[in-house]
Amino acid sequence: MRQAPPAFSEPVYVTRPLLPPLEEFVEQLQQIWASKWMTNGGGRHAALEQALREHLRVSHLSLFANGTIALMAACQALELTGEVITTPFTFPATPHALSWNRITPVFADIDPDSLTIDPNRIEELIGPRTSAILGVHVYGIPCDVDGIGRLAERHGLRVIYDGAHAFGTEIDGRPVTDFGDATMLSFHATKLFHTAEGGALIVREAETKRRVDLLKNFGIKNETEVMLPGINGKMNELQAALGLINLRYIDAERSKRERMIAVYRERLAGLPGVRCVRMPPGVRDSCQYFVIRIRPENGGRSCAEIYQGLKAFNIHTRRYFYPLCSEYGHYSGLASARPEHLPVAHEIVKEVLSLPLYGELGEEGAHRICDCISYLLYR
Ligand SMILES: Cc1ncc(COP(=O)(O)O)c(C=O)c1O
């Protein structure tokens, strides 16, 4: 019997928010207090939009109170209706943003390597009511943007990407947000770049950005004109201030996460039944998640057993994105949600485990987590 490695004395979660020095935020708060300008397109909002446009190398970016409202607004801005083809392997917000627009999600199976929506399974689902394809760059792995783009062009469909995990993702040096009509980013506290809650919508056309900016502010154009039935999706000055400060620290945080990822890869890739989910060649990792797939070999341990076993070591991993969205009661009655229609997603969702990834944990933390996983696998 092997000796068990030591448990962590404090709980280790899948992520922890990047927190800049408090003094820097307090200084910003003092300025906000003095200005008495809390929200409604203040100076920090404008500064963060500009800073992110430069950082992400995009032309048309609108800040939002959170990523979910940004995605809902994207559906409105692009006037989507009827049905939208999407992936079941995602966070609930993806199909819910469609449902809130009275659009029916149509689930397509995923590609077994990229874990993103499989373009080869989309075409058979396109019907007279289809208005768009909504892909998710899950874990920051880009969808097959070329394949999806070609399909959309052939069928006259819009393309939206849920890029909640894809801040800073690049494909052969090109920002992932260059593809599709619109891409949503989430700045939730769990994301590498965050504003506590927050998000952005990046769109291809200047005219769409004008619509988006109206939509996030009740449709108000000026004191006497309300152009659209908009919503309140505005990012406030406190969020924007936090974002401006966090931008200074994300490169250092990324480097720490990259070193942790290197440790995980080196230590875990050879273990029986374990596969590291990798970025395809030429893709810059957003360093948002590190995910392994565990497929029990010769009676070895399953993903669910490792997930449970790690808790005894005070390591709280997440089985993102189990269960599939197509399994939720609200969607399970749809024809496209039938398990036999989504065999790849059903197989993969049982295997995935997101491991803790945040700079503070460091390489030593990653080594200790690997010790625990090895111990549980070989026990
Ligand atoms: C894939 C995906 N889409 C959408 C969201 C929702 O983003 P937000 O929390 O900013 O509303 C999340 C969660 O953070 C997510 O993981």
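**Local architecture of the predicted model**

P95 lies in helix α4; helices (H or I, at least four residues) and strands (E, at least two) are DSSP runs, numbered from the N terminus. The structure is a predicted model, in which local features need pLDDT of at least 70 and side-chain atom pairs count only at pLDDT 80 or more, while totals for chains, interfaces and linings use all residues. Residues are numbered from 1 along each chain as its sequence is written. P95 is buried, with 28 other C-beta atoms within 10 Å; a residue is termed buried if 20 or more other C-beta atoms lie within 10 Å of its own, exposed if 12 or fewer, and partly exposed in between, with C-beta atoms placed from the backbone. Leaving aside residues up to four places away in sequence, P95 touches T86, P105, C325 and Y331, where contact requires C-beta atoms, placed from the backbone, within 7 Å. The C-alpha atoms of P95 and N40, 55 residues apart along the chain, are separated by 29 Å.

Strand β2 (residues 60-64) is largely enclosed by the rest of the structure, because five of its five residues are buried. In a regular strand the side chains alternate between the two faces of the sheet. Both faces of β2 are covered, with H60, S62 and F64 buried on one side and L61 and L63 buried on the other. β2 pairs with strand β10 (residues 199-203) in the antiparallel sense over five bridges, pairing being assigned if DSSP finds at least two bridges between two strands. Within this pair, S62 stands opposite L201 in β10.

An open sheet of three strands has the order β8-β7-β12, with antiparallel pairing. Its edge strands, β8 (174-175) and β12 (283-284), each pair on one side only. Strand β7 (residues 170-171) joins β8 over two bridges in the antiparallel sense, and E170 stands opposite P175 in β8.

Technical notes: Contact = placed C-beta atoms within 7 Å.
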